[in-house]
Structure formats: structure tokens, C-alpha cells
Amino acid sequence: MRIRYVLTASAAAAAVAALGLAAAVPAQAAEYSSALKIKGVQYDAPGRDSNKCSGGNTKNEYLTIKNYSKTTTVNLKGYKVKDAAGNTFTFKNSHTLQPGDQASLRGGRGTDSDAGNVVYRQNCNFIWNNDKDTIYFYKPGGARADVHAYTKKSNDRDGNGYITYHG
């Protein structure tokens, strides 16, 4: 006669914790303690990709960062955005986000504007891949503020090149 043991999910979690093992959790499942989070990304600029500084469409590829705090104003200076390949952009200038405010980090060249809530990467190359990528967002001290991985097939069901994360 065989005896079968059924292990419930809570019992399994307790056993894993007791053994000091860590379960693998997808990066985007973690919730980071940051007022600033990635609201969405236009990872595929409308039209045919052209990274020319003059007449190209890199400015139409952008990342929207939102201040989800109800009371705290946050300065983007020192925050970093990085993709899976290691391409990095650091906010070098002050750009203040009031509670509920958002800013678009755009490709291409342009003039940053606090009033217009836009920051340009001053780089005419695309940063986000059109098929899949991971977006990392770091606080000035290096702690992770937010992270999202995407694939065009799984996350962009309407095919418009835009994905919303924290609404």
C-alpha cells in the first residue's frame, strides 16, 4: 500500500522558507518602493524606423515615467533607465514631477522642458527593441525603482507599439 502526501501551497511555501531557499519571481512581479514608476512605453515608433537625427522618428519612441505619490514631489535628476543590452540613460538635469505628474523620456535631440514634461536622450538611436526587451528604472542611489519585460506578441495585443504598465 502506498501513502500519498498532498502538500498545500502554503505548506510548500513554509517548507521553502524553512530550508532557506528562494523561489524565482519574475522581475515585473516585484513591487518596488518608489513614488516614480514606469507608466508605459512606446517601444515601436510609428512608421518605418529611421534613426537619422534629422527627419528620423526616434523622438516617437518614448518611456513615460509617472509620480504615483499623492503628496511627494520627486526630482528625476540621478535616476537611470536601462535596457536589457545595457544601453543606459541618466537624468543629468533637474526635472521635477509633482504628485500625479508624468514625464516622457524621448529619443532624438531636443530641448528638455519641465513645463512640457519632456526629456530628450540627445541620442538618435533607438533604445527599445521592437520585438522584446526589459526596461530597468533605478533610483539615484542605485536601488531599483521599477522593471518591466515585454514581448510584442504577449504584451501589445493591439499591435500599436505602446504598452501600459501602472496605468
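Modeller: Helices (H or I, at least four residues) and strands (E, at least two residues) are DSSP runs, numbered from the N terminus. The model is predicted, so local features need pLDDT of at least 70 and side-chain atom pairs count only at pLDDT 80 or more, while totals for chains, interfaces and linings use all residues. Residues are numbered from 1 along each chain as its sequence is written, and side-chain values use heavy atoms, without hydrogens or water.

Biologist: How many helices and how many strands does the protein have?

Modeller: From the N terminus on, the order is α-β-β-β-β-β-β-β-β-β-β-α-β. The totals are 2 helices and 11 strands.

Biologist: What is the mean pLDDT of the protein?

Modeller: The pLDDT is the predictor's confidence in each residue, from 0 to 100. In this protein, 81% of the residues reach 70 or more. The mean is 85.

Biologist: Which element of the protein has the lowest mean pLDDT?

Modeller: At the top of the range is strand 4 (residues 80-83), with a mean of 98. Over residues 1-29 the pLDDT is below 50, and beyond near neighbours in sequence this stretch has 8 contacts (heavy atoms within 4.5 Å) in the model. With a mean of 44 over residues 9-18, the lowest element is helix 1.

Biologist: What percentage of the residues in the protein is buried?

Modeller: Buried means under 20% relative accessible area, exposed over 50%, and partly exposed in between, with a 1.4 Å probe and protein chains only. The protein has 167 residues. The buried part of them is 35%.

Biologist: Where does Leu105 lie, and is it buried or exposed?

Modeller: Leu105 lies in strand 7. Its contacts, leaving aside neighbours within four places in sequence, include Val81, Phe89, Phe91, Val119 and Tyr120. Leu105 has a relative accessible area of 5%, so it counts as buried.

Biologist: What distance separates the C-alpha atoms of Leu105 and Leu63?

Modeller: Leu105 and Leu63 are 42 residues apart along the chain. Leu63 is also among the contacts of Leu105, together with Glu61 and Tyr62. The C-alpha separation is 5.1 Å.

Biologist: What is the volume of the largest cavity?

Modeller: A cavity is a set of points, on a 1 Å grid over the protein atoms alone, where a 1.4 Å probe fits but cannot get out; its lining residues have an atom within 4 Å of a point. Points are joined across faces, edges and corners, and the volume is the space filled by probe spheres set on them. The structure holds 1 cavity of 30 Å³ or more, and the lining of the largest cavity includes Leu63, Leu105, Ile127 and Trp128. Its volume is about 30 Å³.

Biologist: In which strand does Asp133 lie?

Modeller: Asp133 is buried, because its relative accessible area is 5%. Not counting residues up to four places away in sequence, Asp133 touches Asp83, Ala84, Ile127, Trp128, His148, Ala149 and Tyr150. The C-alpha atoms of Asp133 and Ala149, 16 residues apart along the chain, are separated by 5.8 Å. Asp133 lies in strand 9.

Biologist: What distance separates the C-alpha atoms of Cys124 and Thr58?

Modeller: Cys124 lies in the loop between strand 8 and strand 9; its relative accessible area of 5% makes it buried. Among the residues that Cys124 touches are Cys53, Thr58 and Arg109, not counting residues up to four places away in sequence. Thr58 is 66 residues from Cys124 along the chain. Their C-alpha atoms are separated by 5.9 Å.

Biologist: What is phi of Asn117?

Modeller: Asn117 is found in the loop between strand 7 (102-106) and strand 8. Its relative accessibility is 18%, so it counts as buried. Phi is positive in this residue, which is other than glycine, and is near 50 degrees.

Biologist: What is phi of Gln122?

Modeller: Gln122 is in the loop between strand 8 and strand 9 (132-138). With a relative accessible area of 36%, Gln122 is partly exposed. Gln122 is a residue other than glycine with a positive phi, near 55 degrees.

Notes:
1 Å grid on protein atoms, 1.4 Å probe; cavity = no way out; pocket = protein on both sides within 12 Å on 5 of 7 lines; lining within 4 Å.
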